[in-house]
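Hello,

Here is the structure for you to look through. My notes on it follow below.

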Amino acid sequence: MDFSIGIDIGGTKILCGLIENKNGQVIYTCKKKTNSSNDICNIVIELIEELISSVNVNFSKILKIGIGAAGQIDRINGIILSSPNINCSNLNIKKILEEKYNIPIYVGNDVETATLAEMMYGAGKAYNNFMCVFVGTGIGGGLVINRNLIRGVSGTAGEIGHIKIAFNGKKCGCGKNGCLEAYASRTAIEDNIRNSIKSGQSSCILNYIQNNKKITSNVIKKGLEQKDKIVISSLDKASNYLSIGLASVINLINPQCIILGGGLINAVDEFYKMTVEKTKCEALNIAAKNTEFKKAMLGDCAGIIGASLL
Ligand SMILES: [Zn+2]
């Protein structure tokens, strides 16, 4: 039982990997793009079959299959309840894969798997108490206390993206108002940039978003490199909001470290740096002095490595 299969079901692709159990090494990966009309379960099975036929490992050496998916998960029963951007509701993926492969199947949330991976093999290796915060399309968070991932009574602990920073504030994807995610995610920055352009301000971003293209983290990075005023001010605003969210977390749990990851943090180093500086100013002095800040280390592989740890 030397290996596990880790699967990361995201909004745009599914990544599948063979992971060595003793050290979290990624031995092999394969992936497929997804869209809202795909049958997720079939794609997962195709990827597992591709992996099994491509690696020189006997199936009896595979201990388990772990799956991390964006969205709401019933972890106990292994059901993906709902997942953004993919065609999936109440999918009992654990049951289907258990019947097919006859090995244990574990299902969790993608932020949970990324946090587990950072704890075991990444930026959180040296810490007992820390919080991972992933800033991209949304803002996700995993809270680790005494080397345990805190899940809460219904599995939603660590949802820093939905801590409240304004009463009756901007509408959030969760359906409520005033959440941090509505002010500081890449999506929030994109909205801000688009609104500024609509109001008549000029921006180099217009060159990158013809045909309704998304303002990706890389486009934001290009705008910053070209010293685009709208991009600079949108990042500044978002980092203000993110810093008060992080400072609140620091004041509440007094962690050893805040680990920041996700598409926007990976692409835009300036955003990481300014957020860290502002957070240190906003948090209680003694807590801020003793909190370290690190970037997540495992990037795209965190999901599959963490899934193998479920
Ligand atoms: Zn929310």
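Predicted model: local features only at pLDDT ≥ 70, side-chain atom pairs only at ≥ 80, totals over all residues.

The protein chain holds 11 helices and 13 strands. Its C-alpha trace spans about 60 × 50 × 35 Å along the principal axes. Of the 310 residues, 45% count as buried. Take the contacts in the protein chain with a separation of 6 or more: 63% of them come from residues 24 or more positions apart.

Strand 2 (residues 13-20) pairs with strand 3 (residues 26-33). The sense is antiparallel, with 7 bridges. Lys-13 has Lys-33 of strand 3 as its bridge partner. Between the two strands of this hairpin lie 5 residues. Gly-24 in the hairpin takes a positive phi, near 70 degrees.

**Helix 6**

Which residues of helix 6 (residues 217-225) are buried? They are Ser-217, Val-219, Ile-220 and Gly-223. These residues sit on the same side of helix 6, because they cover an arc of only 160 degrees around the axis. What do they pack against? The buried residues of helix 6 meet helix 5 (186-198), helix 7 (229-253) and helix 8 (263-267). After helix 6 comes Lys-227, with a positive phi near 55 degrees.

Best wishes

Methods
Residues numbered from 1 in each chain as written. Pairing = 2+ DSSP bridges. Helix = DSSP H or I, 4+ residues; strand = E, 2+ residues; numbered from the N terminus. Buried ≥ 20, exposed ≤ 12 C-beta atoms within 10 Å, placed from the backbone. Arc of directions from axis to C-beta. Contact = placed C-beta atoms within 7 Å.
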